[in-house]
Amino acid sequence: MNESAKQAADHNRRRNKRTLLVAALLITLLGAVAGAILVPQELARRDAQPIPTHSPMHRKPPRAGAAGAARPIPFARGVCWEAAGEIDSTDLDPLLRIRANWISQTPFGWQRGPDTPEIRGSYEGAAPQTRPPRDARRYHGFWGERDEGVLATTRWAHARGIRVLLKPHIWTRGGWSGSIAMKNEEDWARWFAGYRGFILHYADLAERSGAEALAVGTELGGTTAREREWRAIVAEVRRHYHGTLVYCANWAEDLHHTQFWDALDWIGVQAYYPLCDQRAPTTQALVRGWSGPLADLETIAKIWGKPVVLTEVGYHSLDTAAIRPWEWDLPGSLSMETQARCYEALFQAVSDHPVVHGVFIWKWHPDYLRAGGPGDTEYSPQRKPAEAVLARGYAAIERRGI
């Protein structure tokens, strides 16, 4: 190659290099301009919707000492009140003898099946101040489940210094409420729209009645993975109701999967933990059986910085009561002593535990003289040795002022 050709080739290489450099600078400049315009728009779009709290960008560590902070109200010495037929105010008087200071009331909503999105509430179509005909109960619920019954029972409880947790619950045919799950996005949208109307009705009722706490949901583990929808519901409930909010999680299912505990005030647990695999266990064996569940609850409370309330805990009057406490038709032999020991173990295990701020015993019937009794194998402690244990346990907690 002669000299003039070499000079021409060098000139072309320098020109191409300058062209590439200019192109690179232009691309960089255009990227910066686009970023300045588009990134704020994307951030604004994201901020318009709640980000799941388990996102590493948004999870904040719990407030130091929050789980063990001073209780704003006394330890919840509660019972799960059966909201059935019409009662009068004196039906609550036996609660004073056992030193109860809370009741939960449970109005129901109904679904035809666990994957059908329509929800019907007790309040639909029922005249507010009239008792429906007998055959209408299956549509509107019993008196104690309808608004008029909830309001009256709350008023009578407050007159006795007893606080109220309003705890709406969805009941479905052909399955447990924890199995509720939709088949497609359209049905999910319809279900949450129906549930929104259902729970906002009770948020308004809780506000109107002065109920001290409201459960935004009870044992709905098949739905709680839909975190954005649940956060939207909790936020809207807050605008209607200004008391304490709790979600009541099943101990074995959604307790660990729920990711919106930070939006609530209590971590609620339906605490039907198996405590042993023996018939008629000793109290000491039952206390040991609580060690694993309590360690787990302490971990959850510390992660989220929230107190734990056992929104249901109960035992049959059977020698098998501690094996599978959640089973309604649990087989076994009548044993008042086993039920009483389960209560003894409960109070020994939880009454001084730093993260457990209350228990609600399943369950208490308004018609005291017909409830429970020496031949009854069901959950009620009424007119059984377990009732005396319950009364002693609640009295001891009250004396300690916790």
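Helix H4 (residues 147-159) packs against H5 at an angle of about 35°, the two axes lying 10 Å apart; axes are lines fitted to C-alpha atoms, for helices over the stretch in contact, and angles run from 0 to 180 degrees between N-to-C directions. Helices (H or I, at least four residues) and strands (E, at least two) are DSSP runs, numbered from the N terminus. The model is predicted, with local features needing pLDDT of at least 70 and side-chain atom pairs counting only at pLDDT 80 or more, while totals for chains, interfaces and linings use all residues. Residues are numbered from 1 along each chain as its sequence is written, and side-chain values use heavy atoms, with hydrogens and water left out.

H4 passes H5 in a right-handed crossing; a crossing is right-handed if the near helix is turned clockwise from the far one by less than a right angle, and left-handed if anticlockwise. On the H4 side the contact (heavy atoms within 4.5 Å) is made by Asp147, Val150, Leu151, Thr154 and His158, and on the H5 side by His201, Tyr202, Leu205, Arg208 and Ser209. By class, the contact of H4 with H5 has 4 nonpolar, 4 polar and 2 charged residues. Here Ala, Val, Leu, Ile, Met, Phe, Trp, Tyr, Cys and Pro count as nonpolar, Asp, Glu, Lys and Arg as charged, and the others, Gly among them, as polar.

Helix H5 (residues 185-209) also meets helix H6 (residues 227-240): their axes come within 9 Å and cross at roughly 25°. That makes H5 roughly parallel to H6, a term for angles under 35 degrees, whereas those over 145 count as roughly antiparallel, 65 to 115 as roughly perpendicular and the rest as oblique. The crossing of H5 and H6 is right-handed. Phe192, Tyr195, Arg196, Ile199, Leu200, Ala203, Asp204 and Glu207 in H5 face Glu229, Trp230, Ile233, Glu236, Val237 and His240 in H6 across the contact. These residues divide into 8 nonpolar, 1 polar and 5 charged.

A further helix pair is H9 (residues 336-350) with H10 (residues 385-400), whose axes come within 8 Å and cross at roughly 10°. H9 and H10 are therefore roughly parallel to each other, and H9 passes H10 in a right-handed crossing. H9 contributes Met336, Gln339, Ala340, Tyr343, Glu344 and Phe347 to the contact, and the H10 residues include Pro385, Val389, Arg392 and Tyr394. The class count for H9 with H10 is 10 nonpolar, 2 polar and 2 charged.

The largest pocket is lined by 35 residues, of which Phe108, His169, Trp171, Trp328 and Trp362 lie nearest its centre. S6 gives the most to this lining, with 4 residues. By class, the lining has 17 nonpolar, 9 polar and 9 charged residues. A pocket is an open set of points on a 1 Å grid over the protein atoms alone, where a 1.4 Å probe fits, with protein on both sides within 12 Å along at least five of seven lines; lining residues have an atom within 4 Å of a point.

Most residues other than glycine have a negative phi, and most peptide bonds are trans. A cis peptide bond joins Trp362 and Lys363, with omega about -5°, and Lys363 is found in strand S11. Glu219 has a positive phi of about 50° although it is not a glycine; Glu219 sits in the loop between strand S7 (213-218) and H6.
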